[in-house]
Amino acid sequence: MTVSEFFHAGGYGFYLWGSFGMTLLLMAGEVIAVKNQRRTILKRLRRMMRLNAAEVDE
Amino acid sequence: MSINWFKYSSPATFYPLAGKLVPWFAWLTAILTLAGLYWGFFQTPDVLSEQKEYYRIIFIHVPAAWMSMWLYFVLVCWALAGLVFNTRLSYMMAAAIAPTGAIATFIALWTGAFWGKTSWGTWWDWDPRMTSELILLFLYVGYMALQSAIDDPRRADRASALLAIVGLVCVPVIFWSVNCPDPTQCAALHQRSGTGKMESNILIAMLVMVFAFWMYAFAVILMRVRNIILERERHATWVNELLETEK
Amino acid sequence: MFRTFRCIVMRDLTLAMRRRTDVLTTLFFFIIVVSLFPLGVGTDKETLRHIAPGVAWVAALLASMLALERLFASDHADGTLEQMLLTPQPMSVLVLGKVFAHWLLTGLPLVLIAPLVGLQYHLSDTSIGVMMLALLVGTPILSLIGAIGAGLTLGLRGGGILLSLLVLPLYIPVMIYGAGVVSASAIEGSDLQAYFSILAAFLVVALVFSPWAAAAALRISVE
């Protein structure tokens with residue numbers, strides 16, 4: 001079986017890879033979104049902490 | 001040996017534990033997915049008697065559909081635990097599960113549509129199972145909408161927990177009513193499905209993929225619950241110490 | 001306990017009678033929605049007869065849902081609701097009273113106006129009777145389930161649209177059998193009793209559980 005035959009999937013490539021592709025997209029997207037969310041939260045919390053520290057210094 | 005389970009119900013102890021678990025689940029997801037897809041694509045016949053190569057959608061369709069339903073159940077269990085034991089972590093877990101559940105529901109619908117197009121010739125059919133899945137998506141969306149509409153976290157937690165429980169109570173009635181719109185004669189499911197007549201290689205690949213999906217769900221839910229913990233506990237001293245040490 | 005119930009019902013009815021337009025708004029919403037469909041899908045008699053049950057029920061669902069927002073809102077605004085939560089009377093009875101009064105003002109008018117829908121959609125007399133009966137059993141269930149949603153979304157911004165997200169999926173079984181019985185009534189010799197038994201069972205279950213759940217929701221929201 002060649003690679004192109006594999007992706008052709010007997011003429012059902014569109015349906016097969018449409019399903020798998022969307023799944024991959026959503027799952028990868030979810031992971032990336034959660035990681036981004038974590039980064040933003042950390043950034044914001046650090047900024048808030050620095051702000052508090054600055055206030056205490058004054 | 002007795003383990004104090006309530007020790008881990010505190011966000012401060014659960015946060016690092018979850019952090020340690022995430023990579024394990026991520027690796028398991030990767031390994032199981034590769035194994036399941038290898039088995040599914042190369043150890044199975046290309047053409048079944050009735051169905052052609054598109055039947056391989058089953059390797060993501062069925063795990064996603066199962067997971068979407070189980071996750072709602074697990075969500076309600078956490079919500080219930082939250083209302084009974086009044087533990088904040090339970091609510092956070094419930095909140096972390098909802099988006100993953102909604103995504104699983106969407107994947108099940110999407111792949112179902114592609115499958116439907118190939119085997120029944122239509123993207124959408126008001127088949128009882130598809131309709132039930134669609135309604136499940138609505139329930140997830142309602143839960144998340146209520147949660148994000150309430151600013152006070154305590155009220156948001158408890159209100160959405162109650163909503164999830166009410167939803168679960170209604171779910172059997174909804175599914176049953178969708179299945180039997182005429183009470184005198186219940187419609188048979190569009191396609192009888194059974195694991196018995198399935199070829200064993202397909203079954204193996206599908207079950208491996210089910211586990212892969214579960215590992216993925218654990219990993220991403222734990223990642224999200226860590227975010228929620230950080231956000232909610234930002235005034236706690238342990239979070240501040242953590243911010244100084246951890247990158 | 002019955003006295004508490006009656007007291008709440010009378011109070012809500014008196015308050016509503018001072019602002020009669022609220023009742024009429026819901027009713028006219030229902031009439032307008034129902035009248036829009038023939039303009040949209042065409043006025044073919046057979047088609048209309050075919051879609052009538054579904055249209056009437058969807059319109060009833062939307063009308064009763066839109067009215068729900070006001071179920072607890074005014075009591076919440078003037079602080080009466082908090083007083084109610086503090087009284088020794090069980091909250092679920094108070095909720096039941098409020099829901100009943102609310103149904104008398106918004107659900108019952110829909111039942112009474114149903115023959116008009118029947119005329120607009122060329123339904124037979126039997127079908128009209130069946131539809132009225134189905135709405136009579138079904139609309140209280142809508143109000144009861146909706147009360148939970150109204151309690152949960154109390155005082156939130158964008159509460160109305162949020163409420164629809166929460167409540168509409170839960171209305172599905174009522175709509176399926178409510179519309180189903182009207183459709184079945186058009187067919188000779190179909191068994192209508194099974195539908196009404198199911199609707200009645202829903203009503204009993206909703207009567208038992210939903211005041212209790214709605215009371216819990218109110219407690220969460222007001223706290």
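**Entry 1. Chain arrangement**

The model I am reading is a predicted one. I then listed the pairs of chains in contact and found 2, of which chains A and B share the most contacts.

I counted the salt bridges over all chains and recorded 11. I selected the one formed by the side chains of Glu231(B) and Arg44(A), with an N to O distance of 2.5 Å. I placed Glu231(B) in helix 6 (residues 200–232) of chain B and Arg44(A) in helix 2 (residues 13–57) of chain A, so this pair joins two chains. I also looked up the accessibility of both partners. Glu231(B) counts as partly exposed at 27% relative accessibility, and Arg44(A) also counts as partly exposed, at 32%.

**Entry 2. Salt bridges within chain C**

I noted that the side chains of Arg49(C) and Glu46(C) meet in a salt bridge, at 2.8 Å from N to O. I found both residues in helix 3 (residues 45–77) of chain C, where they are 3 residues apart, about one turn of the helix. For Arg49(C) I read a relative accessibility of 36%, and this residue counts as partly exposed.

I next examined Asp75(C) and Lys98(C), whose side chains form a salt bridge at 2.5 Å, N to O. Asp75(C) belongs to helix 3 of chain C and Lys98(C) to helix 5 (residues 91–120) of chain C, so the pair ties together parts that are 23 residues apart in sequence. I checked the burial of this pair: Asp75(C) is buried, and so is Lys98(C). I also traced a network of salt bridges that links Asp75(C) and Lys98(C) with Arg11(C) and Asp12(C).

**Entry 3. Interface of chains B and C: area**

I recorded 29 residues from chain B and 26 residues from chain C in this contact. I read a buried area of about 2,400 Å² between chain B and chain C, with carbon and sulfur atoms giving 74% of it.

**Entry 4. Interface of chains B and C: contacts and elements**

I searched for charged pairs across the interface of chain B and chain C and found 1 salt bridge. Asp151(B) forms a salt bridge with Arg157(C), with the closest N and O atoms 2.9 Å apart. I also listed 5 residue pairs in polar contact across the interface of chain B and chain C.

I then asked which elements give two or more residues to the side of chain B that touches chain C. They are helix 4 (128–149) and helix 5 (153–179) of chain B. Helix 5 of chain B gives the most, with 14 residues. I sorted the residues of this side of chain B into 20 nonpolar, 4 polar and 5 charged.

**Entry 5. Ser143(C)**

I located Ser143(C) in helix 6 (residues 125–152) of chain C. Is Ser143(C) buried or exposed? I read a relative accessible area of 4%, and Ser143(C) is buried, since the cut-off for buried is under 20%. Leaving aside its neighbours within four places in sequence, I found Ser143(C) in contact with Leu68(C), Val99(C), His102(C) and Trp103(C).

Methods. Residues are numbered from 1 along each chain as its sequence is written. Chains are lettered from A and ligands numbered from 1 in the order in which they are written. This is a predicted model: local features need pLDDT of at least 70, side-chain atom pairs count only at pLDDT 80 or more; totals for chains, interfaces and linings use all residues. Side-chain values use heavy atoms; hydrogens and water are left out. Contact means heavy atoms within 4.5 Å. A salt bridge is a side-chain nitrogen of Lys or Arg within 4 Å of a carboxyl oxygen of Asp or Glu. Helices (H or I, at least four residues) and strands (E, at least two) are DSSP runs, numbered from the N terminus. Buried means under 20% relative accessible area, exposed over 50%, partly exposed in between (1.4 Å probe, protein chains only). Buried area is the accessible area (1.4 Å probe) that two parts lose on being put together, summed over both. A polar contact is a pair of N or O atoms within 3.5 Å; within protein, one must be able to donate a hydrogen and the other to accept it, and residues adjacent in sequence count only if both atoms are side-chain atoms. Ala, Val, Leu, Ile, Met, Phe, Trp, Tyr, Cys and Pro count as nonpolar, Asp, Glu, Lys and Arg as charged, and the others, Gly among them, as polar.
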